[in-house]
Amino acid sequence: MDEETVEETSTSMNGGEPKPNIAPEDTPNQEKLETDRAIEMRKRMESWLNQPMRIQMTDGRTLVGTFICTDKDRNVILGSCEEYVNPPDSPEKEEPRVLGLAMVPGQHIVSIEIDEASNSLL
Amino acid sequence: MESLCRAAEMEASREGILPSDPFDDHDGCSAFSHHLPSRNIPRNWKNITEEFNESASHLKLGELLHDSIFGLFEAMSAIEMMDPKMDAGMMCNQSGHKVLNLQQSIEAGRLKTSDLTNHELIGIMDTTFACLATWLEGHSLAQTVFTNLYAHNPDLIDDRCLRAFSLVILKMVDTIKDKVMRAGVYEEEDFQSMTYGFKLAHNVTELRVVGMLKEIEEDYNRRVRNTRARQGEDRDTATELEHEQCIAVVSRIKFCRMFYSALLAFTKKEIKQSVEEAKKLLLLALDLLPAIQKTVELGDPQVISDDETSPAMPDYPNVMGFEPLVNQRLLPPTFPRYAKIISRRDAISYLEGLMARLRTVCEVTSLTPFHPIVDFFAEFSKQCPCVLSRSVLQQIFLPYNNKKVFGVELVQECLRDTLRGFVCPPVLAQRSPIYNNAQAKEMADSMLMHSIRPMCSLMQIHGHNRARQRDKFGQLLEELAGLQDQAEKVDANLHTIMSKAEVKKTYEASFSCWVMYHTLRTMIQYVQSGFELELYGIHEYHYIFWYLSDFLYAWFISTLSQADSMLGDHETQYAEPQGKGRSNKKKAKRKRPRPLERELALCKAQQALCSGFYKAVMGFRLDTKIKQPNSEFDNEKVRFEHRFSAFSTVPTPPLVQYDQFCEITTPKMSPVALYGTSSELFSHAAELLDKVPNPNPEIQSLIRVAKTNNVVLRLLVGGHKRDSQAPPQFEFTTHRTFPIIKLV
């Protein structure tokens, strides 16, 4: 996933955001569907909260931490965050640098991964 | 932004990310391999980028998705990645080249550990000096001295000269760190003590290091002699160059030895002797620096290879053995500052300044405690000296290992002598009727004991940097208020004892007079520091100058006069009896010395100055020449109360309320009349100052201020620039706290 697609999705969503959550009963079917989707997505995202997350940044660094917070612009806050300089699949063993609480601006995010192993434990 | 960083740092330290010495059991080179156990949990990463993007886009603008326990405050304290100011890790990826540590560099052949040329040695030494100076200016060791890979582990260096040099640098760092930390007059902006787990050559003794340096010096001196020009013999240019280079190396080594020995001398027990010794060593070190400065170019890097220039780090040296980014990953997550290494020439000048400052500091031992030393501390602080010289001064005054003044006299004994010289309280005067009264004695002793803490804090505050002093003076006032309270009680009790012992003589409040002296002095310093720190707006000047002139200086002058007359009375009453005839005759001939005379005259002059400023500013206000803040957002009462809120802890003198101030200061004169009075006050101040014998540079600049302002105000009376709408300017270039008024 590269930055261009990110831009696209976010702008298209900007266009179609006539506050679907406020009065769902009065809205037409099309919008209701969208609202349902929004609620579902939100639930999914909430399920990721406090899960281990791995983010790759545009400058090649990888951050591993606990997903704590995000907003519309995909700015992500990771708790107990650790920084790796080498790419994750590189053979070189690397000790991470501990960052603590870190905010990754959405525009610098290349990819986001969630840990399935810890998800299945729950 | 700064507070945000700090908050994040606090956060980090709470989470245990900033341990003091995290890699204690490793040596410096293997610091990277520091191991955290939680890493090896098997992960099964699943890419959710697209899902995540879509989900996030459903959030409303400004909405945060988070757990209930997470608030906006926590969100604020996170460090921001990819922000060059906050994200220290960013640096590592900017320059293309690979960062190697000492071991790796040796293996890769990037640096030599043996047979270094003189040229290389000079380059490395000067760059190390630059790093040392940058560290002393408040940057972290990791970004300065330890960008020198040789300093990571001198054991790996085979070259004897470089090895000894690296060792002495580490030893210096250790000694300086120790001095500064013990003196406790630094804040985070002054000094970084963290060593990041690097070893500071603890396995080598001080003597051994000095011995090694001496050996190197001898070697090099021999080479200097061998390459010296002899009569009737032509030297080739190579020999000539070698000769120069050898001299350059030996003077650097010798400088290190002198400076390091001086630092060690300051730590010795017999303060006065060792300070003398240190002074000599510092002079020797200082003498070497001009020669070092001249030979800096002998160490200039010859060719800058592509590998060594890193465009991302233009401020870092690219001499062999220096790797600016080697410690980048050791830095805590939010590293507040980017360290710019100063140039080698600037570093040598810095060291020259440092030697001179340290020599100045040594002068303190020639003073008698306590007030002359306070003055010395205050004067020294006015030059905004570096943290090392400030710390050394503190340590000379009260060495950490015995807490006696200059290592010999108990603080309370010093204060006793000071009080005798200041007001000569009857209870401390031998011939007074209550000198031998046990109860009175006990009270006086306890009073002195209680004075130790506030007086030592006073000294310590003068050691802090100028900006920090202000707040600390505010806090000191609280302590002094407590002492004042006790002094009044002691004085009252002594009065009772005295009146029982001797009916004729009245007791004067000597202890409270002394405490009051320090309280007022501190208050004046507090208000004046606001000018120096540029805290006050011009529209505030009227109440600031009023508070100084009509209130603080007025009280101060009356306290000083009281002390002056008290001293006179007490000395004539209780002075040494006629028994010691010789000194008595002398005394009779001489006019009685009045130690407070000079201070009193200075205070009167400064009061006149402040009063002159006050009248001038009031005139400007009436002429609407001073820009006022928009009344909608302004409340003078709030500002007034804020400016003097630190004084609310002091019962005497009482805090002037804003309403009181307004009542007293309603102007009844025309602007021209105010300017006239102001000009007279300035000329009066100049007269008073002119009379002070042996004026120091500060008094001279005060005279300049007074005279110039007198002329300016007279011009104003004459109508000069009357129609100008531009506000008058206040220039603090001549004196820190007393400006020169300029009309535009």
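Chains are lettered from A and ligands numbered from 1 in the order written, residues are numbered from 1 along each chain's sequence, and side-chain values use heavy atoms, without hydrogens or water. Because the model is predicted, local features need pLDDT of at least 70 and side-chain atom pairs count only at pLDDT 80 or more, while totals for chains, interfaces and linings use all residues.

**Stop 1: the interface.** Select the residues of each chain in contact with the other (heavy atoms within 4.5 Å). Chain A gives 59 residues and chain B gives 55 residues. The buried area is about 5,300 Å², with 61% from carbon and sulfur atoms. Buried area is the accessible area (1.4 Å probe) that two parts lose on being put together, summed over both. Now pick K72(A), R97(A) and L101(A): they supply 13% of the area that chain A buries against chain B, more than any other three residues.

Stop 2: Show E116(A) and K46(B). They form a salt bridge, with the closest N and O atoms 3.9 Å apart. The rule (a side-chain nitrogen of Lys or Arg within 4 Å of a carboxyl oxygen of Asp or Glu) finds 4 salt bridges across this interface. The side of chain A that touches chain B divides into 32 nonpolar, 7 polar and 20 charged residues. Here Ala, Val, Leu, Ile, Met, Phe, Trp, Tyr, Cys and Pro count as nonpolar, Asp, Glu, Lys and Arg as charged, and the others, Gly among them, as polar.

**Stop 3: strand pairing.** Switch to cartoon. Strand 2 of chain A pairs with strand 2 (residues 64–66) of chain B, antiparallel, over 3 bridges. Strands (E, at least two residues) and helices (H or I, at least four) are DSSP runs, numbered from the N terminus; two strands pair if DSSP finds at least two bridges between them. Zoom in on D71(A), which stands opposite L64(B).

**Stop 4: backbone in chain B.** Go to T652(B) and P653(B). A cis peptide bond joins them, with omega about -5°. P653(B) lies in the loop between helix 21 (636–643) and helix 22 (658–665). Next, M82(B): its phi is near 65°, a positive value in a non-glycine residue. Most residues other than glycine have a negative phi, and most peptide bonds are trans.

**Stop 5: confidence.** Colour by pLDDT, the predictor's confidence in each residue, from 0 to 100. Chain B averages 85. Residues 578–589 of chain B stay under 50, with 2 contacts beyond four places in sequence. Where pLDDT is low, the predicted coordinates should not be read in detail. The model scores ipTM 0.73 and pTM 0.79.
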